[in-house]
Amino acid sequence: MNTIRITKQFTFETGHALYGYDGKCRNVHGHSYKLSVTVIGTPITDTSHVKLGMVIDFGDLKKIVKEEIVDPFDHATIFNKNTPHVELAQELMRRDHKVILADYQPTSENMVVDFAEKIKARLPKTITLHSLKLQETATSFAEWYASDN
């Protein structure tokens with residue numbers, strides 16, 4: 001049986017600030033993130049199955065990523081909950097802003113690791129998360145590969 005990789009791409013807008021960073025990104029700012037999710041598996045061969053020939057229905061993959069990543073992170077601001085930014089986060093929440101308090105510094109590198117764990121937990125047992133690419137700007141991105149982990 002052929003092993004196939006399929007990829008679905010997503011976009012979302014998220015703000016963040018990097019506490020303790022020595023550059024501009026210590027200030028609250030935002031990005032138009034692009035997330036590419038690649039899974040690997042074998043196409044369904046059961047001729048009576050409604051998803052014959054699919055590794056996973058793109059719609060099913062979209063539902064997982066939308067619920068775990070896009071909906072929570074889109075138009076939210078993410079802060080490391082273990083920094084003084086928590087005070088700013090609490091003030092924003094009091095003003096009814098969408099805020100995520102993460103256990104990590106909200107860099108693309110850490111976000112892509114977080115996203116991988118969230119997506120892997122939701123995939124069917126017959127499907128493996130192969131890789132993620134989180135593009136922060138037109139020229140900057142972080143990648144996660146299962147084979148590296």
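Which element gives the most to the lining of the largest pocket? Strand 6 does, with 3 residues. The sections below start from the whole chain and work towards single residues.

## About the model

This is a predicted model, so to speak of local features a pLDDT of at least 70 is needed, side-chain atom pairs count only at pLDDT 80 or more, and totals for chains, interfaces and linings use all residues. Residues are numbered from 1 along each chain as its sequence is written, and side-chain values use heavy atoms, with hydrogens and water left out.

## The fold at a glance

The chain contains 3 helices and 6 strands, and from the N terminus on they follow the order β-β-α-β-α-β-α-β-β. Helices (H or I, at least four residues) and strands (E, at least two) are DSSP runs, numbered from the N terminus. Taken along the principal axes, the box filled by the C-alpha atoms is roughly 55 × 30 × 25 Å.

Contact here means heavy atoms within 4.5 Å. If you look at contacts between residues at least 6 apart in sequence, 62% of them join residues at least 24 apart.

## Surface and charge

Of the 149 residues, 40% count as buried. The cut-offs are under 20% relative accessible area for buried, over 50% for exposed, and partly exposed in between (1.4 Å probe, protein chains only). The chain exposes about 8700 Å², with carbon and sulfur atoms supplying 49% of it. These areas come from the Shrake-Rupley method with a 1.4 Å probe, and for residues only the protein chains shown count as cover.

As for charge, the chain has 18 positive and 19 negative charges, and their mean positions are 2 Å apart. Lys and Arg count as positive and Asp and Glu as negative, while His and the chain ends are not counted. Each charge is placed at NZ of Lys, CZ of Arg, CG of Asp or CD of Glu.

## The largest pocket

The largest pocket has a volume of about 180 Å³. Elements that give two or more residues to its lining are helix 3 (108–122), strand 5 (128–137) and strand 6 (140–145). Lining residues include His16, Tyr21, Cys25, Ser108, Glu109, Glu136, Thr137, Ser140, Phe141 and Ala142.

For the method: on a 1 Å grid over the protein atoms alone, a pocket is an open set of points where a 1.4 Å probe fits, with protein on both sides within 12 Å along at least five of seven lines, and lining residues have an atom within 4 Å of a point. Grid points are joined across faces, edges and corners, and the volume is the space filled by probe spheres set on the points.

Let's begin with Phe79, which lies in strand 3. Phe79 is buried, at 0% relative accessible area. Leaving aside neighbours within four places in sequence, Phe79 is in contact with residues including Ala17, Val28, Leu88, Leu92, Val99, Leu101 and Pro106. Ile100 is another of these contacts; it sits 21 residues from Phe79 along the chain, with 6.3 Å between their C-alpha atoms.

His130, in strand 5, is also on the buried side of the cut-off, at 16% relative accessibility. Not counting residues up to four places away in sequence, His130 touches Arg5, Thr38, Val39, Ile40, Trp144, Tyr145 and Ala146. The C-alpha atoms of His130 and Tyr145 are 5.9 Å apart, and the two residues are 15 apart in sequence. Ile4, found in strand 1 (residues 4–16), is partly exposed at 33%. Beyond four places in sequence, Ile4 is in contact with Val39, Ile40, Gly41, Pro43 and Val55. Between Ile4 and Gly41 there are 5.6 Å in space, C-alpha to C-alpha, and 37 residues in sequence.

## Loops and backbone angles

Where does His75 lie? His75 is in the loop between helix 1 (58–73) and strand 3 (76–80). Its phi is positive, about 60°, although His75 is not a glycine, and the residue is exposed, with a relative accessible area of 58%.

Asp96 belongs to the loop between helix 2 (85–94) and strand 4 (99–102). Phi of Asp96 is near 70°, a positive value in a residue other than glycine, and Asp96 counts as exposed at 71% relative accessibility. His97 has its place in the loop between helix 2 and strand 4 and is partly exposed, at 46%. His97 and Ala76 are 21 residues apart in sequence and 7.5 Å apart in space, C-alpha to C-alpha.
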